[in-house]
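Here is a short report for a first look. Keep the sequence and the 3D view side by side as you read.

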Amino acid sequence: MSKRFLMGNEAIALGAIHAGVNVVSGYPGTPSTEILETVAKNNKDRNIYVEWSVNEKAALEVAAGAAYSGARALVTMKQVGLNVASDPLMSLAYVGVKGGMVVVSADDPGPISSQTEQDTRHFGQFAKLPVFDPSSPEEAYEMIQDAFEFSEKYGTPVLFRPTTRVDHGCASVEVRDSFEPNKPEGFVRDTKRWVIFPRASYLNHIKLEKRDPVLGDEFSSYRFNKLSGSGKIGIATHGISYAYTCEVLNGSGSEYKLLKISTPNPFPEKLALEFLDGLEEVVCIEELDPVIERALTYIIGKHHLNVTVHGKLDGAVQPAGENTVESVREVLSRFMDTKPCNAVSAQAPELPVRPPVLCAGCPHRASFYAVKQAAKGKKAVFAGDIGCYTLGNAMPLDMVDTCLCMGADVTIAQGIRRVDPDTVCFSFIGDSTFFASGMTGVVNAVYNQTDIILIVLDNSTTAMTGHQPHPGTGVTMMGDVCAKVSIPKILEAVGCTMVRTVDPLDLAAAEAAVSEAMEMKGVKAIIMKSPCIAVTKPAKLCSVDEKKCIGCKKCIRELGCPAIVLTDGRPAIEPSLCYGCGVCAQVCPVNAIGR
Amino acid sequence: MNNTLLCGVGGQGTVLASKLIAFAAMERGENVRTSETIGMSQRGGCVVSHVRAGENIDSPMLPKGSADVIIAFEPAEAVRNISYLKKGGTVIVNKKAVKPVTASLTGSAYDGSEALAYLEENVEKLVIIDGDDICEKCGSPKVLNIALLAAAAKSGALGMTVDELKNAIVKRIPEKFHELNLKAVELA
């Protein structure tokens, strides 16, 4: 063993490698992304097959096929990605696997970078899958290896559910220096096993229901489900909230029983009964949904115990958002002594708010601006999507009217158009999102003859999650160069009436293309192609000629670029932020901005 | 145990700075826990890194009132996170304000001076750094994080010496940037 400083996601990746994983697939999504990237980085001898799949459903199916063939397979995604992958996953729970298969679905309490605060532990209950819930990077490293063992022992895929603070926290982790590689047998034909049919599903359903109590009993003695302490008050917790609980109680002198649940499904009932024995009150400290709280309430009822349960359901714990050391302290201090908080407080001055914004030089700013100018005075709706370009909603651009989920921009625009036929319906989609789930929506519009204008914001990368390659980039996670899948060729092939590629940084050309599209019938597509600034070198920077500037502030009012700041009432360009995109120079009415 | 909180605006280089502190602590044989802001906030939003080194650390995030030192890359961000500082703790702050787009749009007068005045009033051990000046002398805006780390190391509150910082730079940063960053250490 040797000690390494690892991010939780790196620990999960190394744990999977040390469990002999053969195939790793996934789709990027905060906070899960670094897991697959770390496997790829530690794969110099190419013994593991690693891919960014086109979306989570594809990723899960690739992993399932590998696990059918006896390989150990890992598939990674964020919680909303699990929704995309849920069709194959629900059925896979019935079919089962041969090689160990772990589905990592990273939850995001807060939410910090997500659309929902959904709880993957529920998904485990719903899909009838075992769930592992680590509380630290150290535990995650060990637990993912256990997850592969349980998966193989019970012939089922298992869910592994870290949350943001475990994924993105770093710690000193003891890791093994060597490991046993796993040699897959290969696919063995067995239609009764691998072909799902109603009769087989009925029989498999019975097996799953019989399995759960057995597995629940085994989980009651699982090494990372921990029961400690004594007294009449109990605390039941999980994940990062366990760390916060220890932080406020260790050394407080209070008497309490502490239960940490690392396997919320199937619930370790025997361990829970041991915990509840002799208790008068239980406080459940959970993030997202009250999963442990409901399980304990059920067990208390089933066994006619006289224990009062506190948590989210009775309002003792906040219903939404992240827990913190302070929030846990506040809850527990109503039931026992906690370590005091030593924060100093003095009335602070009003602070500037800092909502996230499109970077200085981001080509999306130019794309949104060009469409905004072309659509001025027209009745128009701008349907947006998931990615950096969701930030196009911020003032002054204000160019995102809807945002729901990956790929929805294309189809939401169609629904609006059906109700508002005299509205020009724009849909904005990024290149990675287009491949993930936008293409089918375009086919839907062409087939059903719904007039929309599709704006593909092609910055040649998956920017928001940290620049992962995708089918249009011509590289894979194995480091191979491959043919680029062409977005314009796809759009031409499915029957768009106009397919045009323009450089959005040439505002006049981009605006002209949009104006032309607005005059045409059918599904029109404009690909705004310009690379993300994070993957290119800056051009010659822009600056304001003070002699020419009339102080109209149009550049600030219309673009909202973080590099243009107001200094002594006049616009100035901050050189450390400017990328030299030149859009402000094109917007300035008196040519006061130049390179 | 040593608790450090680094705060700033997305893109200022807080993550690398926290990694260097963690690396130095690991080199000393200590256990480390850190927590970072990764994701949407990196696009110009507020970012915070928590670094905790020593034994028996449970939470990767600092409890409020526990920071030995706050390294603030921006004055308002120091004030925003001041509740993390323990009594008698040190604040290292870069004096230059980063104006958010919203401030330019609304014509708000935010320039960091009120935040600095607040810190001077309320923080006993305050070190104000002219990061711009150091960056200019080094010829790169990218050394702000190293300059602030060096100032923190020199204050004695960081639990990392200047020599340990130099060692971390040499071992953790690509060689072509060594000279630049070591110069920033000297100038801080």
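Which are the buried residues of H6(B)? They are Leu144(B), Asn145(B), Ile146(B), Ala147(B), Leu148(B), Leu149(B), Ala150(B), Ala151(B), Ala152(B) and Ala153(B). Bear in mind that this is a predicted model.

## A covered helix in chain B

Helix H6 of chain B covers residues 144–155. H6(B) is mostly covered, with 10 of its 12 residues buried.

From first C-alpha to last, H6(B) reaches 17 Å. That is close to the 16 Å expected at 1.5 Å a residue. Gly156(B) follows the helix. The phi of Gly156(B) is positive, near 85°.

## An open sheet in chain A

Now turn to chain A. Five strands form an open sheet there: 5 strands in the order E9-E11-E10-E12-E13. The pairing is mixed. Strand E9 (226–229) and strand E13 (308–310) of chain A are the edge strands, each pairing on one side only. From one strand to the next, the twist averages 20°.

Look inside the sheet at two strands of chain A. Strand E10 (residues 233–237) and strand E11 (residues 257–260) run parallel, joined by 4 bridges.

Helix H12 of chain A, residues 269–276, lies across E9, E10 and E11 of that chain. H12 runs at about 10° to E9(A).

## Where the chains meet

How many residues of chain B are in contact with chain A? The count is 49, and they touch 46 residues of chain A. Several elements of chain B each supply at least two residues to this side. They are helix H1 (14–27), strand E2 (32–35), helix H2 (75–80), strand E5 (85–94), helix H3 (101–106) and helix H4 (113–122). H3(B) gives the most, with 5 residues. By type, the side of chain B that touches chain A divides into 23 nonpolar, 16 polar and 10 charged residues.

Strand pairing also links the two chains. Strand E8 of chain A (residues 169–175) is joined to E2(B) by 3 bridges. These two strands run antiparallel. Cys170(A) has Thr34(B) as its bridge partner in E2(B).

Technical notes
Residues numbered from 1 in each chain as written. Chains lettered and ligands numbered in written order. Predicted model: local features only at pLDDT ≥ 70, side-chain atom pairs only at ≥ 80, totals over all residues. Pairing = 2+ DSSP bridges. Axes fitted to C-alpha atoms, helices over the stretch in contact; angles between N-to-C directions. Contact = placed C-beta atoms within 7 Å. Expected span 1.5 Å × (residues − 1). Buried ≥ 20, exposed ≤ 12 C-beta atoms within 10 Å, placed from the backbone. Nonpolar A, V, L, I, M, F, W, Y, C, P; charged D, E, K, R; others polar.
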